[in-house]
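User: I would like to go through the terms used for this model and see what each one rests on. Please set every value against its definition.

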Amino acid sequence: MRIDFSQPRVMAILNVTPDSFFAGSRTFDAAAIERRVAQALDQGADIIDVGGYSSRPGADEVSPEEEWRRVEAGVAAVRRSSPEAAVSVDTFRASVVERVCERFGEVIVNDISAGALDPSMPAVVARLGVPYVAMHMRGNPASMQSLVDYRQDIVIEVCAYFRRRVAELQAAGIRPENIILDPGFGFAKTLEQNYELLAGLHKLCALGFPVLAGVSRKSMIYKLLDVQPADALAGTIALGWECLRQGAAILRVHDVREAVDTVKIFNRFRS
């Protein structure tokens, strides 16, 4: 599977979970999943990102079998709606990736831990030959917000981390053209660190790999504005534009139409 990054792409979030941080994104029953998929595709999503395990701090543990059940329901709904649509699977478990690819064919793997939570992931991704989103995070969703003590500038640390991790992923057999980087906004970062990382996003883009930006309705927006995630759409659009300006290749979002419009305007602006 190859993704054309000649222009930025919009990745629609499909949370097949009962406890994601933004209540408006929860699609836990079959009818809600079908509606969300149809809406996202109709609004112009390039990729549907299916997740069955919430990564918010304090989220409940989900067994591999339950995660697979949720992911299978989401990917099946995408395939029914549009067999050719690009699908990514938001999981850190290699076993889930293997089952998805066996059942549905190639997908993009979106791993919040870049292989740290399941050391077998890089080898599985390499064997399957699928695109791999490696995200920067410390610890796990339960511990990450206690691991925010960076010894130097966070942009320098994140870029250094990816230089090391990319070398390790390639040594495991993942082709460089299949690697996508995600700085992990909100994961083991304070509000201030998130904005420092945003200001230096162009340095991560300069490493030469497509960069995924996931800022949609996150705490770096709603905590700053003292609102709830439901009221963070305007902030999401503003930060999305800044991510595009600095070179992001993918916007991962809850609100597809607004992100697609942002990309269209941005493409016209830079043309």
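**Terms and the values behind them**

Analyst: Leaving aside residues up to four places away in sequence, Val-100 touches Trp-68, Val-71, Val-89, Gly-105 and Val-107; contact means heavy atoms within 4.5 Å. The model is predicted, so local features need pLDDT of at least 70 and side-chain atom pairs count only at pLDDT 80 or more, while totals for chains, interfaces and linings use all residues. Residues are numbered from 1 along each chain as its sequence is written, and side-chain values use heavy atoms, with hydrogens and water left out.

User: Why is Ile-112 called buried?

Analyst: Buried means under 20% relative accessible area, exposed over 50%, and partly exposed in between, with a 1.4 Å probe and protein chains only. Ile-112 has a relative accessible area of 7%, so it is buried. Ile-112 lies in the loop between strand E4 (108-111) and helix H4 (121-128); helices (H or I, at least four residues) and strands (E, at least two) are DSSP runs numbered from the N terminus.

User: What makes a set of residues a nonpolar core, and which members of the largest one touch the most others?

Analyst: A nonpolar core is a set of buried Ala, Val, Leu, Ile, Met, Phe, Trp, Tyr and Cys residues joined through side-chain atoms within 4.5 Å. The largest has 73 residues, of which Ile-48, Val-50, Val-100, Tyr-132, Leu-181, Leu-201 and Cys-243 touch the most other members. Helix H5 (residues 154-171) gives the most to this core, with eight residues.

User: How do you know that the buried residues of H10 line one face?

Analyst: In H10, Val-256, Ala-259, Val-260, Thr-262, Val-263, Phe-266 and Asn-267 are buried. Viewed down the axis of H10, its buried residues fall within an arc of 155°, so they line one face of the helix; the arc is that of the directions from the helix axis to the C-beta atoms. On the other side of H10, Lys-264, Ile-265, Arg-268 and Phe-269 are exposed. Strand E1 (9-15) and helix H1 (30-42) are among the elements covering the buried residues of H10.

User: How does the radius of gyration of the protein compare with that of a compact globule?

Analyst: The radius of gyration is taken over C-alpha atoms, and the globule rule is 2.2 Å times the number of residues to the power 0.38. With 271 residues, a compact globule would be near 18 Å; the protein has 17 Å, which agrees. Its C-alpha trace spans about 45 × 40 × 40 Å along the principal axes.
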